[in-house]
Amino acid sequence: MQTIQGVIRLPGIGKGLLLAVALLSASARAADYPSNFSGRDGIANTRHNLTQSTAGVTSAMSTVRNNYEEVCVYCHTPHGANTEIKAPLWNRTFKSNTYQTYDAMGTPSLTAAVSQPGVASLTCLSCHDGTVAIDSIINMPGPGNYNANAKTSHQETFLDAWRDTTTGAGKGSLKHYAIGQSSPNESYGCMVCHSGPGGFEVATDFTAFNIGTDLRNDHPVGINMPSTRFGQDFNAPSQQGDKLAFYDLDGDSRADANEVRYYKTSNDFRVECASCHDPHGVRQAGGQLNPSFLRVNNQTNSTLCQTCHAM
């Protein structure tokens with residue numbers, strides 16, 4: 001990495017592209033820099049608001065992704081949704097990746113069947129496996145900004161046509177690629193900056209959130225809900241319907257945002273990413289959201305873990 005008069009030049013970020021940032025001391029470089037999002041009252045105040053409209057500052061991220069100026073559009077569209085994946089009005093590019101799953105570890109205690117991740121995991125992985133750019137969508141805001149080819153593949157020319165409605169500026173070519181795409185410019189992914197020491201050293205280390213396609217070191221997803229050992233190793237869900245089985249904390253027979261659930265895939269209920277995480281945030285008392293978009297706060301007594309696991 002080369003520094004020039006208080007500016008950091010990142011290798012592989014195009015010819016002469018400079019990202020202006022304040023240089024921090026070497027001792028602070030590995031820190032988890034605090035977010036300017038409040039983490040309160042809903043998704044607009046979280047890092048899932050990719051417009052950064054409520055962050056209070058404009059960061060270097062603004063130079064490497066389209067700011068569509070709408071919070072929901074990075075995932076959802078009211079019209080022209082992606083029919084390649086059975087997700088709610090899905091607006092993102094969907095790649096048919098094959099994932100290494102937890103059963104490949106050969107863990108002796110694993111007794112349930114494991115399949116490829118289901119829809120309630122694939123929607124999360126469409127950003128977090130690092131193979132699809134965060135601004136790679138099908139239907140950009142405004143008339144004439146739709147590209148059906150973006151359903152299954154990254155459309156660089158289409159994305160570069162977006163212009164900021166305030167400044168009229170575009171993002172230029174070849175900055176949308178995510179790590180893992182077959183392109184000579186694949187180093188433009190999030191982890192160029194958010195990789196901790198050795199990356200963009202004033203950006204928070206997001207290594208833990210860049211899951212990749214190897215899921216062997218993550219909580220199993222696509223794994224069947226236990227059919228036995230309830231009351232011994234697992235707690236049985238209190239409600240089971242056609243599509244969900246869930247732990248009904250308030251007894252209203254409805255799967256609320258703060259309740260852990262299993263998703264029906266084929267003929268089985270399975271654990272998926274959204275079993276424990278709600279990407280919109282779960283509002284708690286006083287408007288505070290749970291860390292890491294968890295449905296149940298796990299910071300005291302491992303409450304989330306003990307929802308399913310009998311300990």
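**Close-up views, one by one**

**View 1: Cys 193 has its place in a loop.** Cys 193 sits between α2 (156-160) and β4 (223-224), in the loop that links them. Those labels come from DSSP runs numbered from the N terminus: helices are H or I with at least four residues, strands are E with at least two. A quick heads-up: this is a predicted model, where local features need pLDDT of at least 70 and side-chain atom pairs count only at pLDDT 80 or more, while totals for chains, interfaces and linings use all residues. Residues are numbered from 1 along each chain as its sequence is written, and side-chain values use heavy atoms, with hydrogens and water left out. With a relative accessible area of 15%, Cys 193 is buried, because buried means under 20% (exposed is over 50%, partly exposed in between, with a 1.4 Å probe and protein chains only). Look for Met 61 too: 132 residues separate it from Cys 193 along the chain, yet their C-alpha atoms are 9.0 Å apart.

View 2: Thr 93 is buried, at a relative accessible area of 3%. Its side chain makes a polar contact of 2.8 Å with the side chain of Ser 136. That term means a pair of N or O atoms within 3.5 Å; within protein, one must be able to donate a hydrogen and the other to accept it, and residues adjacent in sequence count only if both atoms are side-chain atoms. The Thr 93 side chain also reaches the backbone oxygen of Ala 150 at 2.8 Å. Skipping neighbours within four places in sequence, Thr 93 is in contact (heavy atoms within 4.5 Å) with residues including Asn 82, Val 132, Ile 137 and His 154.

**View 3: Helix α1 (residues 119-128) is largely enclosed by the rest of the structure.** Why say so? Because 7 of its 10 residues are buried. Among them are Leu 122, Cys 124 and Leu 125. The buried residues of α1 pack against β7 and α3 (273-276). After α1 comes Gly 130, with a positive phi near 75 degrees.

**View 4: An open sheet is built from 5 strands.** Their order is β4-β8-β7-β6-β5, and the pairing is antiparallel; strands pair if DSSP finds at least two bridges between them. At the edges are β4 and β5 (239-240), each pairing on one side only. Strands β6 (residues 244-246) and β7 (residues 261-265) are joined by 3 bridges. Across them, Ala 245 partners Tyr 262, and Leu 244 partners Tyr 263.

**View 5: β7 and β8 (residues 268-271) run antiparallel, joined by 3 bridges.**

**View 6: The largest nonpolar core has 13 residues.** Val 260 and Tyr 262 have the most contacts inside it. A nonpolar core is a set of buried Ala, Val, Leu, Ile, Met, Phe, Trp, Tyr and Cys residues joined through side-chain atoms within 4.5 Å. Beyond neighbours within four places in sequence, Val 260 is in contact with residues including Phe 246, Val 296 and Leu 304. Apart from this core lies another, of 11 residues, among them Ile 85, Leu 125, Leu 215 and Cys 273.
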